[in-house]
Amino acid sequence: MRATVLPQYGEPEQLTVAELPAPSPAPGQILVRTAASAVNPVDLAVRSGSAAEYVKLPFPMVLGWDLSGVVEALGEGVTRFAVGDPVVAMSAQMATGIGTHAELVALDAAIAAPAPQGSDLAHAAALPLAGLTADQALEQLGDLAGSSLLITGGVGAVGGFAVQIAAARGARVSVLVRPGDEELARSLGADEVLTSDRPLPEGVFDAVLETAGQAGVITAVRDGGRAVSIVPAAAPEAERGIEVRMSFVEQDGNRLDRLARLVEAGTLTLRVADVLDFADAPLAHKRLAAGGVRGKLLLAPLSGN
Ligand SMILES: NC(=O)c1ccc[n+]([C@@H]2O[C@H](COP(=O)([O-])OP(=O)(O)OC[C@H]3O[C@@H](n4cnc5c(N)ncnc54)[C@H](OP(=O)(O)O)[C@@H]3O)[C@@H](O)[C@H]2O)c1
């Protein structure tokens, strides 16, 4: 099978397509024929070596956390899925070594979910990592109904899902975005759009979800409010009785199932910037690193070469 492999840490050009032996599903696993995977900021960190401290995996590595595809075979004891089922999954590649930029992926059935019906299966690869991150981080903020919530990076992959989830839960959602993203932010359900070219109001929000790497946004939270960040490099420091938490995404097939159903209901939108071949992984890494991408960059087994 074809896969995008990383033979050593380095620049995006390190990523090349190679033929690897097809995996077979262990007990409790499903074998998935990939429709698409996605490129996430974590893939850039793993590829460059900046996350090497947390990655104890042998080279060559297969990168990729997001997966959509069709169940090709079942490991012993799997009853949750049948051969032919369209599924989505998030694999914590950095910890488990199971990367999704491959034509065939074997992973635990418990971390997969039925793909959203009515959506392009390849596009469903935009959901798992960003959707789970948004949902798990918002959970740390407790009941959002009636609260004023600031989401930074509100049109990003995680931020965009967070806006949609929080709005559906009755929060009054404000976002911090780049100038030019105002309309997109409103289309996702933001009630108020703040742009990064102007100072934030101080001490007004009940809570903040920080996805843009802006530790200083804690000044926008009211005394005794709540803050959750998903960016460890820019973790806000607690002040004025504000509770600060970090949130790190975890594999969770049941939660992913609920999110996929929200896609079916139209509550969550699958935003895709481009679908590229596995061989174009270097290009995808460069585009994501450059910023300004709106929607996920997907990698798929488009060509047989
Ligand atoms: N803790 C976890 O488990 C976890 C999980 C997923 C992601 N993350 C981290 O969370 C961050 C977001 O991930 P993502 O996938 O959502 O990335 P993304 O799609 O690139 O979204 C980030 C968004 O923030 C915007 N932004 C950056 N600086 C800004 C500023 N000063 N003002 C306003 N907007 C700004 C970006 O705009 P531009 O594109 O124009 O820069 C982009 O729209 C990354 O650092 C990622 O590593 C953590």
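Start at F205, whose bridge partner in β13 is V221. Strand β12, residues 205-210, and strand β13, residues 221-229, run parallel and are joined by 5 bridges. Strands here are DSSP runs of E, at least two residues, numbered from the N terminus, and two of them pair if DSSP finds at least two bridges between them. β13 also pairs with strand β14, residues 243-246, in the parallel sense over 4 bridges. There, R226 has E243 in β14 as its bridge partner.

A word on the source. This is a predicted model, in which local features need pLDDT of at least 70 and side-chain atom pairs count only at pLDDT 80 or more, while totals for chains, interfaces and linings use all residues. Residues are numbered from 1 along each chain as its sequence is written, and side-chain values use heavy atoms, with hydrogens and water left out.

Now the domains. An automatic or database assignment divides the chain into domain 1, 2-129 + 252-300, and domain 2, 141-246. Their centres, taken over C-alpha atoms, are 27 Å apart.

How much area do domain 1 and domain 2 bury between them? About 890 Å², with 61% of it on carbon and sulfur atoms; buried area is the accessible area (1.4 Å probe) that two parts lose on being put together, summed over both. Of the area that domain 1 buries against domain 2, L268, R271 and R294 supply 54%, more than any other three residues.

Across this interface the rule finds 1 salt bridge, meaning a side-chain nitrogen of Lys or Arg within 4 Å of a carboxyl oxygen of Asp or Glu.
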